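Trainee: I would like to go through this structure and ask what stands behind each term. Please set every value against its rule.

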Amino acid sequence: MGTSKGYLPPKGHLWRDAKRAVTNMVNNNFESNLIGKAVSKYIQATRLGNGSISANKQQVISNAGAKAASFISLAQSKGFNEALNQVGLKHLIGKSNEEIYMGLLDYFTGNGSSLDEFIVRDSMAELMKELFLDVTDDKDFGELINELDINKFIKDLIIKFVQKDFLANFSEKIEGKCNSIDEYKNAEKNIKDFIRLKIDSCYTVEELSEIDWNGVEGINFIKSRCSEVLRVFEVYMEG
């Protein structure tokens with residue numbers, strides 16, 4: 001729990017508003033409406049208080065998402081091994097799912113040197129683990145990728161990023177007001193569930209087969225999706 005060492009949170013009145021909203025959320029048993037206000041105040045602080053914060057976050061998640069989508073699209077059209085060969089990962093052909101998982105995670109996200117990059121890597125790692133390592137069917141990586149819906153993959157990646165980004169900034173504050181680790185875990189689950197349900201209910205589905213994931217078109221598409229997702233929480237911004 002908590003943020004990475006050396007992380008300095010944003011400052012200013014919008015950030016103070018966000019922290020107050022988080023405190024109010026904790027003190028009132030994580031009511032859905034108050035979770036919405038806390039998340040929206042945080043988004044407001046990052047988008048309006050300092051535009052470069054939001055822009056950098058969206059750039060990092062968009063770069064990683066587009067790179068992953070590009071690989072998935074290539075694997076679905078040309079075959080998994082050919083996709084590995086074309087992106088310079090030929091050494092992963094024939095490896096175990098665990099080895100391919102780590103190789104692709106590094107390829108999609110890098111080493112996560114900044115906080116935003118770390119959160120994106122953590123989000124991608126969790127999503128890929130659920131999709132490729134936690135499945136019960138005895139399938140290889142190529143079979144699993146062929147079954148993926150790229151639109152859902154992007155949506156789930158953005159959801160995990162919003163969840164983890166919010167908690168990276170406020171988990172210590174929330175933990176400090178909880179009486180036990182179980183209470184904290186329950187609070188964390190409530191927050192994650194709320195974020196997922198709100199984004200799921202408003203996320204639109206489009207045909208993505210014509211997008212050039214190797215260029216700026218793919219990156220810009222995910223950026224627009226990030227903005228669309230963040231606007232879901234604007235309804236809570238008043239008050």
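Mentor: A search of the whole structure finds zero disulfides. Keep in mind that this is a predicted model.

Trainee: Why is Cys178 called buried?

Mentor: Buried means under 20% relative accessible area. Cys178 has 12%, so Cys178 counts as buried. Cys226, with 5%, is buried by that rule too.

Trainee: How much of the protein counts as buried?

Mentor: Of its 239 residues, 48% do.

Trainee: What makes the contact between Lys57 and Asp116 a salt bridge?

Mentor: The rule asks for a side-chain nitrogen of Lys or Arg within 4 Å of a carboxyl oxygen of Asp or Glu. Between Lys57 and Asp116 the N to O distance is 3.1 Å, so the pair is a salt bridge. The two residues belong to distant parts of the chain, 59 residues apart: Lys57 is in helix α3 (residues 51–78) and Asp116 in helix α6 (residues 115–133). Both Lys57 and Asp116 are buried.

Trainee: How many salt bridges does this rule give?

Mentor: The count comes to 14. One of them joins Lys129 and Asp134, with the closest N and O atoms 2.9 Å apart.

Trainee: Why are Lys129 and Asp134 called partly exposed?

Mentor: Partly exposed lies between the 20% limit for buried and the 50% limit for exposed. Lys129 has 39% relative accessibility, so Lys129 falls in that range. Asp134 has 43% and therefore falls there as well.

Trainee: What about Asp156 and Arg196?

Mentor: The closest N and O atoms of Asp156 and Arg196 are 3.4 Å apart, and the two form a salt bridge. Asp156 lies in helix α8 (residues 150–176) and Arg196 in helix α9 (residues 181–202), so the pair ties together parts that are 40 residues apart in sequence. Asp156, at 7% relative accessibility, is buried, whereas Arg196, at 26%, is partly exposed.

Trainee: Which residues are linked in a network of salt bridges?

Mentor: Asp122, Glu126, Glu130, Lys160 and Lys164 are.

Trainee: What makes a set of residues a nonpolar core?

Mentor: The members must be buried, of the listed nonpolar kinds, and joined through side-chain atoms within 4.5 Å. The largest such core has 78 residues, and Met25, Leu104 and Ile174 have the most contacts inside it. Helix α8 gives the largest share of this core, 13 residues. Leaving aside residues up to four places away in sequence, Leu104 touches Phe71, Phe80, Leu84, Leu89, Leu92, Met128 and Phe141.

Trainee: Why is α8 called mostly covered?

Mentor: Of its 27 residues, 22 are buried, which means that they have under 20% relative accessible area.

Trainee: What is said about phi at Asn29 and Phe30?

Mentor: Most residues other than glycine have a negative phi. Asn29 has a positive phi of about 60°, and Phe30 has one near 55°. Asn29 is found in the loop between α1 (13–27) and α2 (32–49), and Phe30 is found in the loop between α1 and α2.

Trainee: Are Asn29 and Phe30 buried or exposed?

Mentor: Asn29 has 68% relative accessible area, over the 50% limit, so Asn29 is exposed. Phe30 has 11%, under the 20% limit, so Phe30 is buried.

Conventions. Residues numbered from 1 in each chain as written. Predicted model: local features only at pLDDT ≥ 70, side-chain atom pairs only at ≥ 80, totals over all residues. Heavy atoms only, no water. Disulfide = S-S within 2.5 Å. Buried < 20%, exposed > 50% of the residue type's maximum accessible area, 1.4 Å probe, protein only. Helix = DSSP H or I, 4+ residues; strand = E, 2+ residues; numbered from the N terminus. Contact = heavy atoms within 4.5 Å.
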